[in-house]
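Subject: Structure handover

Hi,

Here is the structure for you to look through. My notes follow below it.

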Amino acid sequence: MLEIRNLNYTVKDERGKADILKNINLDIEAGKFVVITGPNGSGKTSLAKAIMGLIPGESGEITGSIKYNGQELTGLGVTGRARLGISYGFQQPPRFKGMQVTDLLSIAAGKILKRDEHCALLSQVGLCTDDYLKREIDTSLSGGELKRIEIATLLARDVSLMIFDEPEAGIDLWSFSKLTETFKIIHKQKKETTIIIISHQERIIKLADEIILVSAGAITKRGSVEEVLPLIMNETVSDCVYLGGAVNE
Amino acid sequence: MNDIEKNLLLQVADLHDVPMGAYNIREDGALHSRQSTESIEIITKKDKPGIDIRIKPGTKNESVHIPVLITRTGYSEMVYNDFFIGEDSDVLIVAGCGIHNGGCETSQHDGIHTFYLGKNARIKYVEKHYGEGSGTGERIMNPQTVVYMEEGSYIEMETVQIKGVDSTKRHTKIEAAAGCEILITEKLMTHDKQTAVSEMDVLLEGEGSRARVISRSVAQDESEQTFYPRVKGMSDCFGHVQCDSIIMHNAKVRSIPEISANHVNAQLIHEAAIGKIAGDQLLKLMTLGLSEEEAEERILSGFLK
């Protein structure tokens, strides 16, 4: 169970102060699949980063409380939160020269994985194993490949909360359809695992148990796909697109 | 062998005891032990310190280990080892030097390894340098490697210096005839006030010769590194030089790859990059449950793998 209370995040900018997150209050029950969506710059990524502890202290001021399974996260670093079972899929995962896919997956798993364990993880994200085991995580990997390996690092860990920041960004359409399939399977197989995905994509939004709409740093709507999606689609027509566009078509 | 010697041997040759096949273990300037085989003969030089290693043509799947151990503080040496690799052979050669300096005087190993590769001969040459010991005396190693390659021969050269060498000046020179292939991987880590200079001259003389040089280094603390890999294309050839360095703390790194073409069909590329560990790399590994220190260590060990 994730409980966020009165979460505010303020940064200093040239005009003085800017409120990135405004009084966010949010409970997400264990095992839920939640999609956070909203226009660019609305604070979605900041909210996700605040949960993982990825906002550097010097960047601004964060107030409020985030509890995970009853434990207060404020004051805990990234490592501490990770060890509580929280994981984070980066929008733009970093590359590691010299490090092989198997090395990264073993780090994620916290033990040296056997070949068949690597294979199981990579096949879950639709990568043909033999081609990837010894590949280095460098510029030779495409954006889509890197993104799928990023998801595999989350699957390799025994976690109870998975946060994905725009998993569709930077990947091609073909990889994207595989990706939605992957999320569907994770949700089906890991029933206790909470999944939070930040996304603009209708196909990912449609997978959710609940949609949270964020706008100008605040939660403006929560509800089921049936309740919220029509609202988004209406806005999309009247106020230009904020759905779509993230996938390189 | 005592524990110090055994550890040096493990560090520079991955050996727990005397190796299989041909070997020559040199310790503080004297022969510790040696074994020749039917195909690989090791002979002491008569005119200067060092050995000749003669590998018969057609020798395949054999190895030669020639580690050098220095455990005496203040000991300095200059060694000349010549390798004559017969035609069509395919062998592994593991050299390397480990210095344990527990005293206050400088211990130094300088060596010139000269290889003569016969036609279509293939070798993998591994050279590891390692220093340890709590003494204040410096540990210095200055290796020179000279390789003359006949047609169609191949060398894969892997040099590794990860720890404990205060000062090193390395020079590698390779002359490649037609159809030769060269793969050099250099891995270097310096720390404290260490200095390292690595110069390389690869001459692609023959048609169809190819060279790849991959240099990866990590400079920590106050250490300084300089790289001068130079590849010269004298014919229809291919050369690629790639230098990557991670810089940390107050270290200094200079990287000056040079490619020069003396032939219209010479295709030469160089890349060089120096940078610190990226913040998002650390954060990614921390989201996997590693501490910042553990993350840094994993990034460096992956980079120098």
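Start with helix α3 (residues 292-303) of chain B. Its twelve residues should span 16 Å at 1.5 Å a residue, and the end C-alpha atoms are 17 Å apart, which agrees. (The expected span is 1.5 Å times one less than the number of residues. Helices, H or I of at least four residues, and strands, E of at least two, are DSSP runs numbered from the N terminus.)

Two notes on the source. This is a predicted model: local features need pLDDT of at least 70, side-chain atom pairs count only at pLDDT 80 or more, and totals for chains, interfaces and linings use all residues. Residues are numbered from 1 along each chain as its sequence is written, chains are lettered from A and ligands numbered from 1 in the order in which they are written, and side-chain values use heavy atoms, without hydrogens and water.

Back to α3(B). Its buried residues are Ala295(B), Ile299(B), Leu300(B), Gly302(B) and Phe303(B). (Buried is under 20% relative accessible area, exposed over 50%, partly exposed in between, with a 1.4 Å probe and protein chains only. The arc is that of the directions from the helix axis to the C-beta atoms.) Glu293(B) and Glu297(B) are exposed on the face turned away from the buried side. The buried residues pack against β7 (96-100) of chain A, and against β15 (210-219), β17 (238-247) and α2 (279-287) of chain B. (Contact is heavy atoms within 4.5 Å.)

Next, the chain B sheet. Ten strands form an open, mixed sheet in the order β2-β1-β5-β7-β9-β11-β13-β15-β17-β20. β2 (30-35) and β20 (267-275) of chain B stand at the edges with a single partner strand each, so one side of each has no neighbour in the sheet. (Strands pair if DSSP finds at least two bridges between them.) β15(B) and β17(B) run parallel, joined by ten bridges. Val218(B) has Ile246(B) of β17(B) as its bridge partner.

Last, strand β3 (residues 33-37) of chain A. Five of its five residues are buried, so it is largely enclosed by the rest of the structure. Phe33(A), Val35(A) and Thr37(A) point one way; Val34(A) and Ile36(A) point the other. β3(A) pairs in the parallel sense with β10 (residues 194-198) of chain A over four bridges. Four bridges also join β3(A) to β11 (residues 210-215) of chain A, again parallel. Val35(A) has bridge partners Ile197(A) in β10(A) and Ile211(A) in β11(A).

Best wishes
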